[in-house]
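My entries follow in the order in which I looked things up.

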Amino acid sequence: MIPGVDPDRPGVYVHVPFCTHRCDYCAFTTFTDRGHLIGEYVDACVTHVGRLVASGRLVEAATVYVGGGTPSLVPSADLARLLDAIPRAADAEVTVEVNPDSVDGTALATYRSAGVTRVSVGVQSTRPTVLAALGRTHDRDNVTRTVDALHRVGLPSWNLDLIVGAAGETDADLDATLDEVLALEPPHLSVYGLMVEPGTPLARRVADGEVPAPDPDVQADRYLVADARLTAAGLDWYEVSNWARPGHECRHNLGYWAGADCLAVGAAAHGHLAGTRWVNVPTPESYVRRVADGLDPAASSETVGPATRERERTGLALRTRWGVPVPPDRTDRLADLVGAGLVEVTDGRVVCTPAGRLLASEVTLALWPDAHDDPDGPSPAARPGVGTRYH
Ligand SMILES: C[S@@+](CC[C@H](N)C(=O)[O-])C[C@H]1O[C@@H](n2cnc3c(N)ncnc32)[C@H](O)[C@@H]1O
Ligand code: SF4
């Protein structure tokens, strides 16, 4: 039911595990001391893609997503070389994530000539105090310059990422950030609630009482404020954390939410193909070595049975504006959820209301209480929260 997804053509996710600085809250696989490896890392990715093509696993990508880390730290000519190696459909969506202080007009022009159709910019906030609380290295001017350059090179689509709920952020900060980003007229916005990820410096600071944990009620209120403002500005909600003008939804993530196949290139990248899921080795060094040795860079893999896939697909679909078909024999539970204002039933489909989106996992469990009793055997059930990103 999720539109724009071709089940016969996989997406390709490329992970770039390099940053100049680690943000306190970030749990993504990335390294701040290994920039000298970028050249050989790109070479390894190109070799790996060549093997995926030679083995017939990659014929034509429907979407490509280069995420990080900070892909904009890769010299743009190297990024273009990597993209050139990936065979893709004529209408493929090709996204690159960038940090506002490590990208410029020249790099964006190179991306454009290399076939990039979409850029995602990590803005988080435009308020200096909030950016400082998040430990970010850019400012509002970097963001404006990046968006000006996106217009100059004529990128067909682009996204700005925001985070709500940082320590010290006020309602006025969020209002001002929304004013400023909406003035840039983005075709797509992602708004994540700050998640305190285990093992991050932020988690330690919260545990030590240095900073308060984000208040879920405040985050929920801010989410609802953001939703109302974005909707009024013509950005339609389409997944818990994502809003877009019509036609600017991220097709790569739509594929993920629809359970489509995705090949994984680079360290720590996750892939799934025909019922098998795997994750690549975790460091750039181990990835480069594996590829040089002619080995598959997967560190571990698991088979996912059809019942598990269906269950996961249902949970993910319920997080989107397309929802799920009304489940048979669940009339009472559904009536309770409608009565609680968490879901609506339209045209035979159950869709979360704004309040329900914040409790999408609970709504799934209320409708399918046996959802975690897995007939296919144990599997890490995905129960993503507001801040969860998918690649
Ligand atoms: C992995 S980052 C990559 C983009 C780029 N490196 C940047 O930070 O600008 C992608 C996005 O994930 C979001 N993110 C990362 N960690 C998060 C967390 N702990 N809670 C909420 N959002 C988070 C941020 O909005 C960030 O822009
Ligand atoms: S949020 Fe982005 S810039 Fe910050 S450490 Fe994570 S990947 Fe790097």
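**Ligand site.** I began with the shell of ligand 2, which holds Cys 19, Arg 22, Cys 23, Cys 26, Phe 28, Thr 30, Gly 68, Gly 69, Thr 70, Asn 99 and Gly 122, a residue being near a molecule or strand if its C-beta atom, placed from the backbone, lies within 6 Å of it. By class, I find four nonpolar, six polar and one charged residue in the shell around ligand 2, where Ala, Val, Leu, Ile, Met, Phe, Trp, Tyr, Cys and Pro count as nonpolar, Asp, Glu, Lys and Arg as charged, and the others, Gly among them, as polar.

**Conventions.** I note that this is a predicted model, in which local features need pLDDT of at least 70 and side-chain atom pairs count only at pLDDT 80 or more, while totals for chains, interfaces and linings use all residues. Residues are numbered from 1 along each chain as its sequence is written, and chains are lettered from A and ligands numbered from 1 in the order in which they are written.

**Backbone at the shell.** I then checked the peptide bond from Gly 68 to Gly 69, which is cis with omega near 10°. Gly 69 sits in the loop between β2 (61–68) and α2; helices (H or I, at least four residues) and strands (E, at least two) are DSSP runs, numbered from the N terminus.

**α1 with α2.** I looked up how α1 lies against helix α2 (residues 76–85), and their axes come within 9 Å and cross at roughly 10°; axes are lines fitted to C-alpha atoms, for helices over the stretch in contact, and angles run from 0 to 180 degrees between N-to-C directions. The pair α1 and α2 is therefore roughly parallel, on a scale where angles under 35 degrees count as roughly parallel, over 145 as roughly antiparallel, 65 to 115 as roughly perpendicular and the rest as oblique. From α1, Gly 39, Val 42, Cys 45, Val 46, Val 49 and Gly 50 meet Asp 78, Arg 81, Leu 82 and Ala 85 of α2, contact requiring C-beta atoms, placed from the backbone, within 7 Å. I count this contact of α1 with α2 as six nonpolar, two polar and two charged residues.

**α1 with α10.** Helix α1 (residues 38–54) also packs with helix α10 (residues 284–292), at an angle of about 45° and with the axes 9 Å apart. That angle makes α1 oblique to α10. On the α1 side I find Glu 40, Tyr 41, Ala 44, Thr 47 and His 48, and on the α10 side Pro 284, Tyr 287, Val 288, Val 291 and Ala 292. The residues of this contact of α1 with α10 divide into seven nonpolar, two polar and one charged.

**α3 with α5.** For helix α3 (residues 105–113) and helix α5 (residues 140–153) I noted an angle of about 40° and axes 9 Å apart. Gly 105, Leu 108, Ala 109 and Arg 112 of α3 make the contact with Ala 149, Leu 150, Arg 152 and Val 153 of α5.

**Strands.** Which way do strand β10 (residues 270–273) and strand β11 (residues 276–280) run? They run antiparallel and are joined by four bridges, and two strands pair if DSSP finds at least two bridges between them. Leu 273 has Thr 276 in β11 as its bridge partner. The two strands β10 and β11 form a hairpin with two residues between them, and Ala 274 in the turn has a positive phi of about 45°.

I also looked up an open sheet of three strands, in the order β13-β15-β14 with antiparallel pairing. Its edge strands are β13 (324–325) and β14 (343–346), each pairing on one side only. Between β13 and strand β15 (residues 349–352) there are two bridges, and Val 324 is bridged to Val 350 in β15.

**Last check.** Gln 124 lies in strand β4 (residues 118–124) and has a positive phi of about 70° although it is not a glycine.

Key. Two residues are in contact if their C-beta atoms, placed from the backbone, lie within 7 Å.
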